[in-house]
Amino acid sequence: MRSLAYLNKFFFKYRWRLGVGILFVTISNFFGIVPAQLIRNALDQSEQMISYYHLLTGFEFAKQFRNELSFNLILFVALILLMALLKGFFMFLMRQTIIVVSRYIEFDLKNEIYDHYQKLDYTFYSGNRTGDLMNRISEDVSRVRMYVGPALMYTVNLIVMFVLIIGAMLRVNPMLTFFALLPLPLLSVIIYIVQEIINKKSERVQAKLSDLSTHVQESLSGIRVIKSFVREPENLNRFSVLSDSYKARSLELVRVNSLFVPTLLLLIGLSTIFTIYIGGLYVIDGTLTIGNIAEFIIYINMLMWPVASLGWVVSLVQRAAASQSRINEFLETKPEIVSGSLFPEPFKGRVEFIGVSYTYPHSGIEAVKDLNFTIQPGESLAITGKTGSGKSTIAALLVRQVDPTEGKVLIDGIDLKQLDLHKYREVLGYVPQDTFLFSDTIYNNIAFGRSVAGDVGITSKQVTEAADYASIHNNIEKFPAKYQTRVGERGITLSGGQKQRICIARALVRDPSVLIFDDCLSAVDTETEDRILRNLNIVMKNKSVLIIGHRISSVMNAHKIIVLHQGAVAESGDHNSLLAEGGMYANLFKIQAMSNLRSGGQSDYL
Ligand SMILES: Nc1ncnc2c1ncn2[C@@H]1O[C@H](COP(=O)(O)OP(=O)(O)OP(=O)(O)O)[C@@H](O)[C@H]1O
Ligand SMILES: [Mg+2]
């Protein structure tokens, strides 16, 4: 329960609205119980007047007396109607305040969580599943909202109603009050138990539903693979199995749910029977009137919902507490990558790795070992090596997605850890290995590289220029909608090479001082690759470039080449010196040149 204390700051923020809301609850309840008293009066008065009326039969003014009696009744009806209207009006205001506050708090909490998500680093995201992260901001927050809204409102409502109604009941007759209220605690306990069962069952239903939707989502995104491997029947089978177990769980839930209302009615019925029987005895004794019994029955019916909601509220609060503690745990996670405050003016872009090693915390794999190299402004460094040799890890270290386990990375002589991260990343142009595009137009995807909070400071000329350098401009011009073509989710409507080149344009449009290409030419033919690399010589003049690639053609023209093997530098030098060395690089060169010849393609290397 302590986890919910976190929300107190929000209650404080909206204290005035909440205070007014509580006032409305009280007023609305007041108008709720007045009709019960009006009905008692109406009944008692009518009973008396009707007995007088019988005495008057045969007299002149009997008819007039009768008219007065019906007028009196109509007056009561009008008053009761008015009370109901007033109660409804204040109930509306109560929801407008308390429930609206709960929505505000939900909004604040979601923003806080989202903001925190953006602060957390790469390591956090490697260790958490997207589904869980989504749940925290949707499912967990809605459960917490049930506590700040409905649970709070019903609790206040319950307290106010209890004080008002039981006060009124005790004034009439304490003994009858005792018997009428006897079944109510039992009602609360039963509702709580039933609610707990319902919660457990609906959690199971939820889990089954999430299995089902995961399956559907995965099969839809992998539909091409499923079709080409003719796996539709198995896929449908799996869907039916999941769907069946979802149905079974749902039916279980329905069965418990259907017990709920009958139980409620049974206990209310018991209360009513007690009231009528014991109240009847008092009426015979002459200590109570028939109107009192009617009044009591109305009170009991009014108490029914709040008492029933007590069990419900307790379980709401428990669920909210569990959700809030999950949220707190996550909000307390501190990002490991914290920005420094230094920044070199002017920024030159000299990159230096000094004895850098890095071990991934989740897998314990030492991805790079004791790296030492420098990239001077105006220089390009290429890194090649087998898959898994640690190339992308070097890029991750350079953009400071991760910090070195040992050694340090210096930028213009300053330790990267002390650099103002925001400013530093502004001068970086990074093309990651897994091309990611947003489901937006091509134009916006490229402009994303430059636009600061919207579209400030970017012209369409800059976008087309960047696209031209990335050798994709002509391609885009051939699309029917040109730059306004939408790329679909993650860029699904584009070919691999087109996606890579748009990502390159997105990095180039920033006019970066340090450019990082992580294997982003792998899906581009060698001719286009050559054109892009030559363009780089123009745009990246006097700037630092790091190119990662598998193909010799991607790396051969760089000023310096490093061959990585199991995280360590195996060879380094320029193209010619590495060929002369006759090691891994020369070997790779031979293999790639041969395979090019065999496939009948023109060799770029021979
Ligand atoms: N997020 C991660 N968590 C744990 N281990 C990782 C992670 N990313 C990479 N590794 C491991 O670190 C090693 C180096 O990976 P890296 O991605 O740097 O290789 P790479 O040279 O870029 O390979 P490729 O050419 O296939 O892109 C691999 O053994 C890999 O399994
Ligand atoms: Mg890689």
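Mentor: Buried means under 20% relative accessible area, exposed over 50%, and partly exposed in between, with a 1.4 Å probe and protein chains only. By that reading, tyrosine 424, at 0% relative accessibility, counts as buried. This is a predicted model, in which local features need pLDDT of at least 70 and side-chain atom pairs count only at pLDDT 80 or more, while totals for chains, interfaces and linings use all residues. Residues are numbered from 1 along each chain as its sequence is written, chains are lettered from A and ligands numbered from 1 in the order in which they are written, and side-chain values use heavy atoms, without hydrogens and water.

Trainee: In which helix is tyrosine 424 found, and which residues does tyrosine 424 touch?

Mentor: Helices are DSSP runs (H or I, at least four residues), numbered from the N terminus, and tyrosine 424 belongs to H12, residues 421-426. With contact taken as heavy atoms within 4.5 Å, and residues up to four places away in sequence not counted, tyrosine 424 touches Phe343, Phe347, Leu398, Ile411, Leu416 and Leu419. Glycine 349, although 75 residues from tyrosine 424 in sequence, is 9.7 Å from that tyrosine in space, C-alpha to C-alpha.

Trainee: Is serine 271 buried or exposed, and what does the side chain of serine 271 reach?

Mentor: Serine 271, which lies in helix H9 (residues 232-285), counts as buried because its relative accessibility is 0%. Its side chain reaches the backbone oxygen of alanine 180 at 2.6 Å, where the cut-off for a pair of N or O atoms, one able to donate a hydrogen and the other to accept it, is within 3.5 Å. Leaving out residues up to four places away in sequence, serine 271 touches Ala180, Pro183, Leu184 and Ile300.

Key. Helices (H or I, at least four residues) and strands (E, at least two) are DSSP runs, numbered from the N terminus.
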